[in-house]
Amino acid sequence: MTEEIIIAGFGGQGVLSMGKIMAYSGVMQDMEVTWMPSYGPEMRGGTANVIVILSSDRISSPIIKHFDTAIILNQQSLDKFESSVKQGGILIYDSNGITRHPERKDITIYRVDAAEEAGKMGNPKIFNMVVLGGFLKVKPIIKIENVIKGLKKSLPERYHSLIPMNEKALQRGTEIIKKV
Amino acid sequence: MEKELRLMKGNEAVAEAAIRAGTDGYFGYPITPQSEILEYLMEAKPYETTGMVVLQAESEVAAINMVYGGAACGKKVMTTSSSPGISLKQEGITYIAGAELPCLIVNVVRGGPGLGTIQPAQSDYFQATKGGGHGDYHLIVLAPASVQEMADFVELSFDLAFKYRNPVMMLSDGAIGQMMEKVWLSPQKERSKTVPGWATTGKPPTRERIIITSLDLDPNAQERFNQKLVAKYNEIREKEVRYEEFQLEDAEYILVAYGTSARVCQKSVQLARNEGIKVGLLRPITLFPFPSKRLNELAGKAKMMFSIEMSAGQMVEDVLLSVNGKVPVYHFGRMGGIVTAPEEVVEFLKSKIGG
């Protein structure tokens with residue numbers, strides 16, 4: 001099993017940390033993982049993206065052009081990465097701020113209105129966990145319990161009180177994601 | 001003691017491995033894409049636990065000269081930087097090579113020339129393997145291709161550096177420095193309490209003074225020293241070649257790639273083999289000494305060889321010298337901070353073999 005994922009959005013949206021949580025969760029599940037961020041000028045205010053590869057085998061190239069899953073969180077990233085999804089792959093997007101929706105017919109498109117949902121839940125910061133919950137609903141390659149373990153491992157102790165909130169957000173994500 | 005599993009950036013792995021290897025001193029100056037090494041060490045504060053010195057120098061030049069001083073005292077010392085910073089260090093590096101001192105220099109390469117870009121490149125191959133500074137000298141050059149190797153090669157580098165009294169360079173790049181992977185870390189080693197006999201630690205009345213210098217104004221003596229270095233480099237060429245082979249058993253076409261490009265090429269091999277093209281990969285782990293003998297053997301069986309590197313074509317010269325005309329050799333790779341895509345390698349391959 002190998003899953004090649006790109007997560008792309010604005011800097012500050014939690015793109016890199018969502019990828020990091022995925023990677024930690026993969027480690028908790030004894031998988032091989034790579035987490036390759038875009039770094040440098042793009043990160044400062046513009047778009048941020050990260051490639052996460054989870055695999056049962058040794059991982060070859062950490063930098064790739066085609067993905068099994070693209071998780072898209074803004075219009076610029078949709079424009080840039082819609083064409084990078086492998087045929088038969090998956091595109092997950094949040095429609096918040098999207099003016100041109102994805103159009104490809106040879107991939108499966110899911111919508112998860114995570115920004116709106118996180119607002120309703122009273123904590124916009126858990127937005128990325130709602131998205132992650134949605135992803136894990138359609139691609140259950142990591143168990144939610146391992147995500148929680150990953151969170152415990154990656155978050156400093158002083159933030160551990162926030163874990164139940166994150167768990168709720170993951171749960172909400174699994175409920176609100178829908179096929180387009 | 002068992003190894004410890006962590007998820008880390010390549011840069012962080014270098015820093016943590018340095019602490020655990022019992023390094024005596026780190027001297028650095030920040031530059032993207034390797035600043036996490038210094039940042040990690042400052043946060044880990046090993047000076048409170050193992051006693052390892054961590055110092056942000058006033059410049060790259062100062063840092064390498066602190067390494068020179070520490071090495072002359074027989075200490076396990078290191079510095080890290082990225083391409084423009086490594087250029088600044090070259091004077092110090094040639095002096096350390098000329099004084100036959102052990103140390104570790106890590107170059108997390110970014111695109112050049114000049115300030116270039118902060119994105120990954122492999123355009124410092126010539127500088128790392130052919131000298132870099134002035135004079136007839138070589139560094140031992142290791143090329144990590146994973147976060148695990150970023151950690152493992154720290155201790156290996158120090159072992160080789162002390163064995164041959166020669167500076168060792170880890171030639172990494174921005175991609176390996178910035179990416180996170182699983183890494184198994186060795187248990188903490190104590191810092192060495194023994195001082196090598198050649199180290200300058202103060203002259204007791206019981207022995208002659210020890211002089212460490214790279215200067216000899218007598219040409220005959222200097223030539224004898226040069227010959228001694230040549231003999232050392234030949235011994236290193238004989239004993240320390242390291243490489244990894246990937247699907248070479250039946251390969252008609254051979255990719256040669258190190259570091260990030262080797263990872264890319266593993267995927268290219270899979271993609272090409274899916275199309276029925278028999279491709280394999282030789283990954284040099286040591287760039288000096290270069291696996292010339294093995295490449296020459298393989299050249300007898302292959303139809304073509306390809307040097308895949310993120311540069312205008314540097315390692316390709318060593319591949320050409322190794323195969324000595326036995327087989328056609330081509331270079332391919334992106335530059336300017338762009339990582340070659342696995343598919344691009346396959347396309348290039350097909351354009352040459354006409355399939």
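A residue is buried if 20 or more other C-beta atoms lie within 10 Å of its own, and exposed if 12 or fewer do. The model used here is predicted.

**Exercise 1.** Determine whether A:Gly134 is buried or exposed.

Solution. Start with the location: A:Gly134 belongs to helix 4 (residues 127–138) of chain A. Next, take the count, which is 28 C-beta neighbours inside 10 Å, so A:Gly134 is buried. Then list the contacts, leaving out residues up to four places away in sequence: among them are A:Ile92, A:Tyr110, A:Val112 and A:Gly173. Finally, consider A:Arg111, 23 residues away along the chain; its C-alpha atom and that of A:Gly134 are 8.7 Å apart.

**Exercise 2.** Describe how helix 5 and helix 6 of chain A pack.

Solution. Two packed helices are described by the angle between their axes and the distance between those axes. For helix 5 (residues 144–154) and helix 6 (residues 163–176) of chain A, the angle is about 145° and the axes are 11 Å apart. The crossing of these two helices is right-handed. On the helix 5 side, the contact includes A:Ile144 and A:Leu151, and on the helix 6 side A:Ile163 and A:Leu170. By class, the residues of this contact are six nonpolar, one polar and two charged.

**Exercise 3.** Which element of chain A gives the largest share of the side that touches chain B?

Solution. Begin with the totals: 17 residues of chain A contact 20 residues of chain B. Helix 1 (15–28) and strand 2 (32–37) of chain A each supply at least two residues of the chain A side. Strand 2 of chain A gives the largest share, with six residues. Strand 2 of chain A also pairs with strand 8 (residues 180–185) of chain B, antiparallel, over two bridges. In strand 8 of chain B, B:Met180 is the bridge partner of A:Trp35.

Note on methods
Residues numbered from 1 in each chain as written. Chains lettered and ligands numbered in written order. Predicted model: local features only at pLDDT ≥ 70, side-chain atom pairs only at ≥ 80, totals over all residues. Axes fitted to C-alpha atoms, helices over the stretch in contact; angles between N-to-C directions. Helix = DSSP H or I, 4+ residues; strand = E, 2+ residues; numbered from the N terminus. Left-handed = near helix turned anticlockwise from the far one by under 90°. Contact = placed C-beta atoms within 7 Å. Nonpolar A, V, L, I, M, F, W, Y, C, P; charged D, E, K, R; others polar. Pairing = 2+ DSSP bridges.
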